[in-house]
Amino acid sequence: MEIKIGDYKGIEVEIKRVECTNDMVEQQVQYVLSQNPIKETKECIENGDSAIFDFQGLKDGVAFDGGTAQNYEMVIGSGQFIPGFEDQMMGMKKGEEKDLHVTFPENYQEKTLAGQPVIFKVKVHDIFSKKPAQLNDEFVKSLNIPDVQNVDEFYAYMKAVLSNEAAKKDDEHVQDAVFDILMNTVEGDLPQDLVEMALNQQIARVETQLMQQGMNLDSYLEMIGQTRDDLRSQFMDFATKQVRLEVALLEVARLENIIDVEEEIEEQMKLIASSYNIDIEMVKQQIPHDELEREMKLMKASQVVMDNAIVNFK
């Protein structure tokens with residue numbers, strides 16, 4: 001089926017700039033200070049202190065799965081453990097061992113433990129409080145930021161970083177707005193095999209992400225009460241938009257006579273080979289030429305569209 005698109009040169013968009021204010025810079029500076037806290041060693045646990053400890057959970061004298069850890073660090077009073085656990089740790093000292101008597105909540109996810117009384121054997125190794133670092137030249141130097149040696153230079157650096165991030169977001173918003181207009185000019189039926197491919201790729205990404213977290217897709221879907229068909233329905237709109245944009249850009253490539261991209265493909269293969277420290281011939285074997293050719297055409301067509309877009313910032 002023939003695909004037609006509207007005017008792809010002179011697409012006009014109006015975008016609100018992403019701000020980079022002094023307040024945002026200050027917030028980022030304070031965040032850096034909080035991420036580099038000063039530790040003060042303590043002898044006795046108080047609410048809000050951090051503790052490093054071992055624990056072993058026993059039910060009827062037998063250790064249960066997931067109830068044992070060593071050198072576990074936690075802010076006491078943060079509510080990470082079941083009710084009563086952290087309260088009973090208050091006042092413990094370094095090296096102290098103690099049995100904590102607690103009861104799991106009735107709605108606890110592990111049914112064999114829900115509502116059950118257990119004992120946690122705890123041994124405290126270290127206790128300390130954390131407070132944000134002090135902003136001074138010494139702290140700034142400790143960050144080892146090139147050419148940043150004092151507080152004033154640190155503020156200037158953070159301003160530059162946030163301004164750069166804001167500019168990148170501006171570019172992303174512009175591209176999204178331009179491409180949204182472009183894809184909506186597409187006339188003709190989309191190739192369903194490409195929609196299906198885009199859909200399968202998106203589901204595969206989710207499956208890979210879950211595997212990296214030690215989870216199985218079907219088990220995850222069962223846990224949240226959904227099916228693979230539900231997942232496909234959720235991603236259908238995304239996959240359709242992705243294909244709509246691709247066919248639009250490929251039509252731009254055809255109209256712009258973007259045909260010979262062999263030089264760009266060769267450069268991309270060299271870049272991949274260098275990045276992974278492998279021979280370029282291996283790259284050629286692993287990545288289909290047609291796939292790289294398609295990517296290069298899409299990239300060059302995108303550049304044509306963006307170079308000719310009219311952007312108004314407000």
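A word we need at once is "buried": it means under 20% relative accessible area, while exposed means over 50% and partly exposed is in between, with a 1.4 Å probe and protein chains only. This is a predicted model, where local features need pLDDT of at least 70 and side-chain atom pairs count only at pLDDT 80 or more, while totals for chains, interfaces and linings use all residues. Residues are numbered from 1 along each chain as its sequence is written, and side-chain values use heavy atoms, with hydrogens and water left out.

Start with helix H8, residues 262–276. Helices (H or I, at least four residues) and strands (E, at least two) are DSSP runs, numbered from the N terminus. Which residues of H8 are buried? They are Ile265, Met269, Ile272 and Ala273. Seen down the axis of H8, these buried residues fall within an arc of 100°, so they line one face of the helix. The arc is that of the directions from the helix axis to the C-beta atoms. On the face turned away from the buried side sit the exposed residues Glu263, Leu271, Ser274 and Ser275.

What covers the buried residues? The cover includes helix H9 (280–286) and helix H10 (289–307). After H8 comes asparagine 277, with a positive phi near 55°.

Now the loop residue. Aspartate 49 is found between strand E2 (38–41) and strand E3 (50–59). Is aspartate 49 buried or exposed? Aspartate 49 is buried, at a relative accessible area of 4%. A polar atom of its side chain lies 2.7 Å from the backbone nitrogen of glutamate 46. Leaving aside neighbours within four places in sequence, aspartate 49 has contacts (heavy atoms within 4.5 Å) that include Lys42, Cys44, Met74 and Phe128.

Last, the whole chain. Its secondary structure comes to 10 helices and seven strands. Of the 314 residues, 32% count as buried. The C-alpha atoms fill a box of roughly 75 × 55 × 45 Å, taken along the principal axes. The radius of gyration is 28 Å, whereas a compact globule of 314 residues would have one near 20 Å. That radius is taken over C-alpha atoms, and the globule rule is 2.2 Å times the number of residues to the power 0.38. Among contacts with a separation of 6 or more, 69% are between residues 24 or more positions apart.

Conventions:
The expected span of a helix is 1.5 Å times one less than its number of residues. A polar contact is a pair of N or O atoms within 3.5 Å; within protein, one must be able to donate a hydrogen and the other to accept it, and residues adjacent in sequence count only if both atoms are side-chain atoms.
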